[in-house]
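Please read this report with the sequence and the structure open beside it, and look up each residue as it is named.

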Amino acid sequence: MKDIYQKMQNIDAEKSLLGSILISPDTGIAIDEANQILQPIDFYRPQHREIYLAMLELFKENKPADNVTVVEQLNKRHKLEYVGGIAYITSLADCVPSAARLKYYAKIVKEKSTLRKLCNTAQSILDDCENNMDTGAILDKAEQGILDISKISDNDRIVEPVEVITKTYQELEERCNRQQEGRLSGINTGFTKLNEMTGGLQKNNLIIIGARPAMGKTSFALTLALNVALQKIAVAIFSLEMSKEQLTERLISIHGEINSNRMRNGTLNSDELNYIVDACTKLAEIPLFINDTSNISISQLRTKVRKLKREKNIELIIIDYLQLMCGTKSKGDFNRVQEISEISRELKLLAKELNITVIALSQLSRNVETRQSKKPMLSDLRESGAIEQDADIVAFLYRDEYYNEKTDDKRKTELIIAKHRSGDVGMIELKFKKQFCKFENYIKA
């Protein structure tokens with residue numbers, strides 16, 4: 001493996017790149033062009049890495065990077081003799097006739113660096129296999145390693161303020177145009193007031209929907225998923241509690257507005273059977289994917305979601321529900337609070353990594369039942385304050401009918417936005433059609 005690794009380099013390309021910068025008419029532009037392609041770590045020879053770092057320091061100080069200034073900078077850092085002295089710096093400038101092929105040399109250096117990273121990842125996988133590491137953990141680590149290599153890192157590049165400002169203005173302008181055209185900045189949820197408060201489901205967001213049992217959180221999640229999938233936007237549901245057949249029945253009930261109890265009891269009439277055929281035909285055409293793996297771990301979830309992103313371009317995943325997931329470590333390594341904290345953090349990272357929306361349903365603690373007011377609060381999130389910390393939005397479902405038989409409107413459900421990182425908090429009224437397990441916009445009579 002070591003011999004193969006050493007072959008994955010091109011010293012001449014590294015020297016030509018550094019020489020091209022030194023003789024460039026504008027070394028600042030030359031360094032910026034190189035820095036958009038590679039990073040200092042991409043140089044195979046550590047001496048070349050030190051020379052490039054010296055050039056970057058000069059660039060950041062708005063100074064030219066020629067023979068004299070680079071030598072001086074290396075001398076300040078006590079690295080001049082290490083890289084080969086003045087003679088070696090001079091030889092770099094003499095090894096290329098012009099700076100015209102700078103980008104070409106930079107791409108070669110980057111490609112060789114990528115090959116070395118792949119080689120390191122392969123070696124790491126072999127080591128894990130030899131150490132009898134869990135197969136699922138090896139697969140997840142291997143996939144993550146490949147994804148990390150494939151990403152183009154922009155962290156070291158100097159970004160001018162005008163670049164950030166221009167990009168931000170363009171995004172703001174696009175939002176205004178969408179608003180004027182009646183379009184949302186995010187995905188349409190199908191719920192008018194929720195759209196108004198959030199602008200729709202935003203990419204990179206982790207959204208937590210919390211509720212006590214029997215509040216209808218699964219029904220809300222399925223209604224939302226169906227609303228999105230009917231727009232031909234791919235959605236994946238990970239159900240850790242109900243089977244895919246049970247969820248499909250609910251989806252049929254929601255879409256066809258067919259009584260779920262009659263479906264379960266097999267007491268449907270001919271008209272209702274026709275409605276089921278219509279609903280099934282429509283559901284078969286939409287990009288809605290269901291996975292009912294029980295006790296799924298966060299690493300298994302990541303693997304499945306990445307595959308769905310690659311193959312189906314999903315934009316939304318829904319997890320039912322958070323507390324049924326497993327972390328990556330064994331039970332003896334840490335307690336359940338730490339495990340839930342790890343899961344919530346990984347879900348947020350997954351949303352950011354794949355540029356999707358992640359909605360996770362969450363059970364609430366029994367503290368709700370002991371209070372006079374049964375409306376949920378952020379402190380009711382079970383087992384971890386990290387859930388609140390990681391989430392961009394935390395919302396709670398509350399149906400007064402469950403606690404108060406004399407409530408004014410048994411159809412009304414409150415969706416309480418308790419945390420909203422990028423907007424307002426407040427309460428949204430929804431209508432729950434219990435016989436169909438379906439939520440709708442609430443319209444006061």
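Not counting residues up to four places away in sequence, methionine 55 has contacts with Leu18, Ile21, Leu22, Ile31, Ala65 and Val70. The model in which these contacts are found is a predicted one, and every value below should be read with that in mind. Methionine 55 belongs to helix α4, which covers residues 46-60, and its relative accessibility is 0%, so methionine 55 counts as buried. Glutamine 73 stands 18 residues from methionine 55 along the chain, and the C-alpha atoms of the two are separated by 8.1 Å.

**Other single residues**

Tyrosine 88 is part of helix α7, residues 85-94. Is tyrosine 88 buried or exposed? Its relative accessible area is 16%, and because buried means under 20%, tyrosine 88 counts as buried. With residues up to four places away in sequence left out, tyrosine 88 touches Lys15, Arg45, His48, Ile51 and Val83. A quite separate place in the model is marked by glycine 216, which is 128 residues from tyrosine 88 along the chain, with 72 Å between the two C-alpha atoms.

Aspartate 128 is located in helix α8, which runs over residues 102-130. Apart from its neighbours within four places in sequence, aspartate 128 is in contact with Met133, Ile138 and Lys141.

| Residue | Relative accessible area | Class |
|---|---|---|
| Aspartate 128 | 9% | buried |
| Tyrosine 88 | 16% | buried |
| Asparagine 355 | 34% | partly exposed |
| Alanine 100 | 70% | exposed |

**Rings and charges**

The structure contains 5 aromatic pairs. In one of them, phenylalanine 191 and phenylalanine 220 are stacked, with 5.4 Å from centre to centre and 15° between the planes. Which parts of the chain does this pair link? Phenylalanine 191 is in the loop between α10 (161-180) and α11 (192-198), whereas phenylalanine 220 is in helix α12 (residues 217-229), so that the pair joins distant parts of the chain, 29 residues apart. Phenylalanine 191 and phenylalanine 220 are both buried. In a further pair, the ring centres of phenylalanine 432 and phenylalanine 439 lie 4.6 Å apart and the planes meet at 25°, which is why this pair, too, is stacked. Phenylalanine 432 and phenylalanine 439 are buried as well, and ring pairs connect Phe191, Phe220, Phe432 and Phe439 into a cluster.

**Backbone details**

Most residues other than glycine have a negative phi, and most peptide bonds are trans. Tyrosine 321 is found in the loop between β4 (316-320) and α17 (336-354). Lysine 232, in the loop between α12 and β2 (235-239), has a positive phi, near 65°. Asparagine 355, in the loop between α17 and β5 (357-363), likewise has a positive phi, near 60°.

**A pair of packed helices**

Two packed helices are described by the angle between their axes and the distance between the axes. For helix α13 (residues 244-256) and helix α15 (residues 270-283), the angle is about 110° and the axes are 9 Å apart. Because an angle from 65 to 115 degrees counts as roughly perpendicular, α13 is roughly perpendicular to α15. On the side of α13 the contact is made by Leu251, Ile252, His255 and Gly256, and on the side of α15 by Ile276, Ala279, Cys280, Lys282 and Leu283. The residues of this contact divide into 6 nonpolar, 2 polar and 1 charged.

Key. Residues numbered from 1 in each chain as written. Predicted model: local features only at pLDDT ≥ 70, side-chain atom pairs only at ≥ 80, totals over all residues. Heavy atoms only, no water. Axes fitted to C-alpha atoms, helices over the stretch in contact; angles between N-to-C directions. Helix = DSSP H or I, 4+ residues; strand = E, 2+ residues; numbered from the N terminus. Parallel < 35°, antiparallel > 145°, perpendicular 65-115°, else oblique. Contact = heavy atoms within 4.5 Å. Nonpolar A, V, L, I, M, F, W, Y, C, P; charged D, E, K, R; others polar. Phe/Tyr/Trp six-rings, centres within 6.5 Å; stacked < 30°, edge-to-face > 60°. Buried < 20%, exposed > 50% of the residue type's maximum accessible area, 1.4 Å probe, protein only.
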